[in-house]
Amino acid sequence: MNAQFPKYQWNSFPLHCLSLIVKGVTYAKEDIGVSGKGYIPILRANNIQNDEFDFHNLVWVCKERISKEQLLCLGDVVVATSSGSKHLVGKTASFREQQKISCGAFCAILRPNSLINNLFFKYFFQTQSYRNHISSLSKGSNINNLKNADLANIQIPVPPLAEQKRIVKKIEELFAVIDRTVKSLNDTEEQLAQYRQSVLQNVFGSIAGEFVPLKTVLKTSSGGTPSRRNPSFYQGSIPWVKSGELDYNVIQDTEEHLSQEALEHSSAKIFPPGSLLIALYGATIGKMAFLGVPAATNQAVCCIFPSSAYDMSFIFYFLRFKHKYLMFQGKGGAQKNISQEILKSLLIPHINLPEQKAIVAKIETAFAAADKAEKAISAALEQAKQLKQSILKRAFEGKLVPQDPNDEPVDLSQLNTHKGKSK
């Protein structure tokens with residue numbers, strides 16, 4: 001991560017000179033309990049979403065397993081160091097809360113010292129240059145993890161503390177304007193989702209006639225996860241779909257690929273193109289996608305096989321209509337799980353194929369305007385994301401705020417005179 005730094009008092013330091021690196025909590029099944037006295041919540045890699053923490057679906061671990069050093073402090077950055085999904089590895093979020101909480105062993109805590117402003121530190125991990133560096137580390141590797149040495153040697157550009165504060169202030173001013181626009185776009189997106197649901201309610205709510213359990217007319221099956229102890233299992237050419245890849249789309253390729261050997265030594269199996277996939281548990285529960293190519297899935301994904309008796313788009317829209325019902329039937333706490341049996345027992349309309357196709361056409365006509373608006377929103381959200389990256393790039397190149405040659409540069413010897421964390 002070499003960079004050209006400004007002439008005024010900037011230096012570059014490896015992360016281990018600017019931060020303590022603390023390994024997350026290791027715990028066993030018997031250490032897990034429920035919210036209450038004697039247990040502390042644990043964040044995991046899946047709780048890091050879009051540079052923020054998602055505090056749903058936490059694990060509560062007995063406090064004896066957690067050292068004082070492992071409790072998160074204001075300004076700590078938590079990084080996902082290991083995950084079955086490469087796109088999660090390296091993701092970060094800055095802790096801005098006051099609650100007593102820690103993170104699991106597949107994460108690491110980066111605790112900035114007095115040489116770096118903790119918000120400047122936070123924004124570094126949102127830069128594209130950081131993400132590019134993480135991607136370069138994982139190239140050619142099917143063991144999706146970051147070692148402490150990988151983190152320790154990341155080079156961070158460091159201006160004087162006074163300039164760090166000016167940079168942070170300017171970033172937050174500019175980001176606030178962008179965030180207001182993003183909120184408005186997200187609100188519109190939510191209104192479109194409500195509109196779609198009302199269309200589905202009007203269409204499917206008026207269907208009369210026979211309803212039959214899904215399992216009596218459609219075949220279903222779930223996938224599996226081959227052991228990650230054998231790297232060759234993940235060095236094949238067979239697309240392997242994880243629940244995080246389902247987003248009402250058509251899947252043509254996947255992040256990871258299995259070998260034929262992996263299929264022979266696990267419950268994973270190949271499903272045909274045209275199959276409808278639905279996530280039964282996890283953060284994307286209820287989301288769906290069609291297979292555009294033959295592929296396998298993990299165990300969190302259920303496959304509904306194509307059938308000559310059903311238009312699979314009809315099934316797709318009906319399951320979207322029944323999403324809330326399925327969630328209500330699901331088991332679990334904050335994060336519901338839908339068993340395959342619940343899905344198979346769902347009553348679906350038993351009507352002829354021409355009627356199904358007519359219903360699909362009616363829905364898609366009603367959805368057309370919403371789809372067009374959503375594409376425009378997605379483009380605007382992507383522009384907002386790119387604008388933030390442009391701001392961060394200028395910030396870490398020293399081009400966002402005026403520089404002052406009189407600012408005192410950061411020097412490692414100052415660690416002996418500065419106490420506590422930066423503000």
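**View 1. Salt bridge between Asp247 and Lys287.** In this predicted model, the side chains of Asp247 and Lys287 form a salt bridge with an N to O distance of 3.1 Å; a salt bridge is a side-chain nitrogen of Lys or Arg within 4 Å of a carboxyl oxygen of Asp or Glu. Asp247 sits in the loop between strand S15 (238-241) and strand S16 (249-251), and Lys287 in the loop between strand S18 (276-279) and strand S19 (288-291), so the pair ties together parts that are 40 residues apart in sequence. Strands (E, at least two residues) and helices (H or I, at least four) are DSSP runs numbered from the N terminus. Asp247 is partly exposed at a relative accessible area of 44%, and Lys287 is partly exposed at 28%. Buried stands for under 20% relative accessible area, exposed for over 50%, and partly exposed for values in between (1.4 Å probe, protein chains only).

Residues are numbered from 1 along each chain as its sequence is written. Local features need pLDDT of at least 70 and side-chain atom pairs count only at pLDDT 80 or more, while totals for chains, interfaces and linings use all residues; side-chain values use heavy atoms, with hydrogens and water left out.

**View 2. Salt bridge between Arg65 and Asp31.** The N to O distance between the side chains of Arg65 and Asp31 is 3.3 Å, and the two meet in a salt bridge. This pair links distant parts of the chain, 34 residues apart: Arg65 is in the loop between S7 and strand S8 (77-80), and Asp31 is in the loop between strand S2 (19-23) and S3. Arg65 is partly exposed, with 39% relative accessible area, whereas Asp31 is buried at 12%.

**View 3. The open sheet containing S7.** Four strands make up an open sheet of mixed pairing, in the order S3-S7-S4-S10. S3 and strand S10 (102-103) are at the edges with a single partner strand each, so one side of each has no neighbour in the sheet. Two strands pair if DSSP finds at least two bridges between them. Strand S3 (residues 32-33) runs antiparallel to strand S7 (residues 59-62), with two bridges joining them; Gly33 has Trp60 in S7 as its bridge partner. Strand S4 (residues 39-43) is also antiparallel to S7, and four bridges join this pair. Tyr39 stands opposite Cys62 in S7.

View 4. Lys393 and Glu397 form a salt bridge in which the closest N and O atoms are 2.7 Å apart. Lys393 is exposed, with a relative accessible area of 52%, and Glu397 is partly exposed at 24%. The whole structure has 17 salt bridges.

**View 5. The protein chain as context for the close-ups.** The protein chain has ten helices and 22 strands, and its C-alpha atoms fill a box of roughly 80 × 50 × 45 Å along the principal axes. Of its 423 residues, 45% are buried. Among contacts (heavy atoms within 4.5 Å) between residues at least 6 apart in sequence, 78% join residues at least 24 apart.
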